[in-house]
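Please prepare a short briefing on the structure below.

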Amino acid sequence: MTRVVLVTGLGGAGRTTVAAATALAEAWSGARVLLLAADGTADADTVLGTGLGDVPREIALDGEPDAASALFAARVDVQDEFQREFLAVQDTVGGLLGLIGVDPLDPEEIVAVPGAVDALALRVLARHAESDAWDTIVVDLPPVDRAAVALALPEALSRYVDRLLPVERQAARALRPMLAAVAGVPMPDDWVYATARRVVAELDAVRALLDAPGTGIRFVTRAGAVAAASDRRAAAALALFGRRVEDVVVNGVREAADGGGSAGSASSPGERVTALRGLYPEAAVHSLAASADEPIGPGRLAALGVPGVRAVAEPGADDLPPGAVRDVFEVETDGEYFVLVVPLPGAERGDLDLLRRGDELVVTVGAVRRLIPLPSALRRCTVQGAGLRGGTLRVRFLPDPAVWMRS
């Protein structure tokens with residue numbers, strides 16, 4: 001099983017530097033490692049001191065590493081990925097375009113749409129993980145405000161396709177003969193549905209990878225009170241989608257002259273570590289001292305002392321089967337009520353919004369939103385209230401006598 005480490009964090013916290021140093025530490029431990037730059041920038045090129053492309057390139061390790069050690073790095077080529085996907089669809093419908101007098105686009109005319117980088121990067125990650133060429137893949141994701149949304153994309157897109165495809169398919173079957181007669185050209189057959197099925201299969205593969213026991217998040221933050229407030233919002237966003245944070249790295253810690261705390265900070269490094277452990281109780285918290293200049297190249301990165309990732313626990317009875325999605329909630333009973341419990345560490349009431357829509361509960365935390373399908377029992381209940389306390393959202397449901405099974 002390929003170990004996947006998703007590195008994200010606050011903007012300007014040194015996320016790419018920590019990702020590269022993590023990949024280097026893993027390679028030195030004797031693993032074959034791929035560092036995948038998936039944030040849409042060339043920052044990894046600068047940090048490693050070498051140009052990267054979409055084909056993994058070996059990075060020389062200083063010293064005498066284990067014979068099995070190897071570090072490769074690649075960057076997601078968004079334009080190339082988008083162009084390949086667009087041309088594949090265009091080739092499928094090319095005959096129809098010719099019949100209706102529309103010229104197909106040339107490759108140089110195709111430009112990736114804004115926001116495509118994150119969805120395409122996850123697909124590239126899944127392909128590398130399926131190859132079994134790597135023991136560990138370290139992914140340099142964008143800052144957490146983008147990364148949280150990107151990690152939710154496979155679930156959201158699968159949901160849209162599942163809901164829209166059956167209706168569209170039934171409508172197309174009924175209307176195809178009439179439309180063909182009116183337009184005077186044959187209608188597309190099943191290419192839309194074949195493409196949709198392929199996309200769904202790819203999304204399912206990405207979801208399975210993100211939810212696998214061997215996939216975890218290394219969160220990079222920085223010293224200071226402003227960063228502490230951002231940490232809380234990030235923790236709530238990641239928790240909403242059940243993302244497991246394994247490690248937190250506090251970068252740029254400066255000790256004050258009296259040893260009492262970080263210069264210019266409202267709290268000491270010790271207090272900051274305690275707060276982070278409250279947000280991520282299962283995560284290990286590491287602190288990196290501030291450096292006078294930016295570390296560039298494998299030698300300087302190794303000197304940072306960024307630790308490797310923790311070993312994956314042996315599969316247990318509670319592990320999900322392949323392709324399953326981990327729920328972020330539990331259902332408890334409280335007298336005549338059912339209570340939906342959703343862990344949201346770091347969330348504040350002002351950032352939280354709830355809406356019951358049919359058989360779903362729409363939970364919005366800041367800029368992120370998730371549609372939680374309600375269990376069968378809760379679908380036959382009415383919402384009676386909700387409260388947020390101690391980083392846990394509790395929503396009360398009361399059985400509706402009009403639809404509840406009567407004894």
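D132 is exposed, with a relative accessible area of 63%; exposed means over 50% relative accessible area, buried under 20%, and partly exposed in between, with a 1.4 Å probe and protein chains only. The model is a predicted one: local features need pLDDT of at least 70, side-chain atom pairs count only at pLDDT 80 or more, and totals for chains, interfaces and linings use all residues. Residues are numbered from 1 along each chain as its sequence is written, and side-chain values use heavy atoms, with hydrogens and water left out.

**D132 and the chain overall**
- D132 is not a glycine, yet it has a positive phi of about 60 degrees.
- The loop that holds D132 runs between α5 (116-130) and β5 (136-140).
- The chain has 11 helices and 15 strands; these are DSSP runs numbered from the N terminus, with helices being H or I of at least four residues and strands E of at least two.
- Of the 407 residues in the chain, 42% are buried.
- Among contacts with a separation of 6 or more, 73% join residues 24 or more positions apart, a contact being heavy atoms within 4.5 Å.

**Helix α1**
- Helix α1 has 14 residues and reaches 20 Å from its first C-alpha to its last, close to the 20 Å expected at 1.5 Å a residue; the expected span is 1.5 Å times one less than the number of residues.
- Because 12 of the 14 residues of α1 are buried, the helix is largely enclosed by the rest of the structure.
- The buried residues of α1 include R15, T16, L24 and E26.
- T16, in α1 (residues 15-28), counts as buried at 9% relative accessibility.
- Not counting residues up to four places away in sequence, T16 touches D39, D43, A44, V47 and D140.

**Core and aromatic pairs**
- The largest nonpolar core has 96 residues, of which L6, F219, Y280, L340 and V365 touch the most other members; such a core is a set of buried Ala, Val, Leu, Ile, Met, Phe, Trp, Tyr and Cys residues joined through side-chain atoms within 4.5 Å.
- There are 2 aromatic pairs, counted when ring centres of Phe, Tyr and Trp (its six-membered ring) lie within 6.5 Å, with planes under 30 degrees apart called stacked, over 60 edge-to-face and the rest tilted.
- One of these pairs is F219 with Y280, which is tilted, at 5.7 Å centre to centre and 40 degrees between the planes.
- F219 lies in strand β6 (residues 215-222) and Y280 in the loop between α9 (269-279) and β8 (284-289), so the pair ties together parts 61 residues apart in sequence.
- F219 and Y280 are both buried.

**Strand β10 and its partners**
- In strand β10 (residues 337-343), 5 of the 7 residues are buried.
- β10 pairs with strand β9 (residues 330-334) in the antiparallel sense over 5 bridges; strands pair if DSSP finds at least two bridges between them.
- Within this pairing, V339 in β10 is the bridge partner of E332.
- The hairpin of β9 and β10 has 2 residues between the strands, and G335 there takes a positive phi near 65 degrees.
- β10 also runs antiparallel to strand β15 (residues 392-399), joined by 6 bridges.
- L340 stands opposite V395 in β15.
- Leaving aside neighbours within four places in sequence, the contacts of L340 include F329, L361, L374, V395 and F397.
- The charged end of R396 sits over the ring of Y337, 4.5 Å from its centre; this requires NZ of Lys or CZ of Arg within 6 Å of the ring centre and within 35 degrees of the ring normal.
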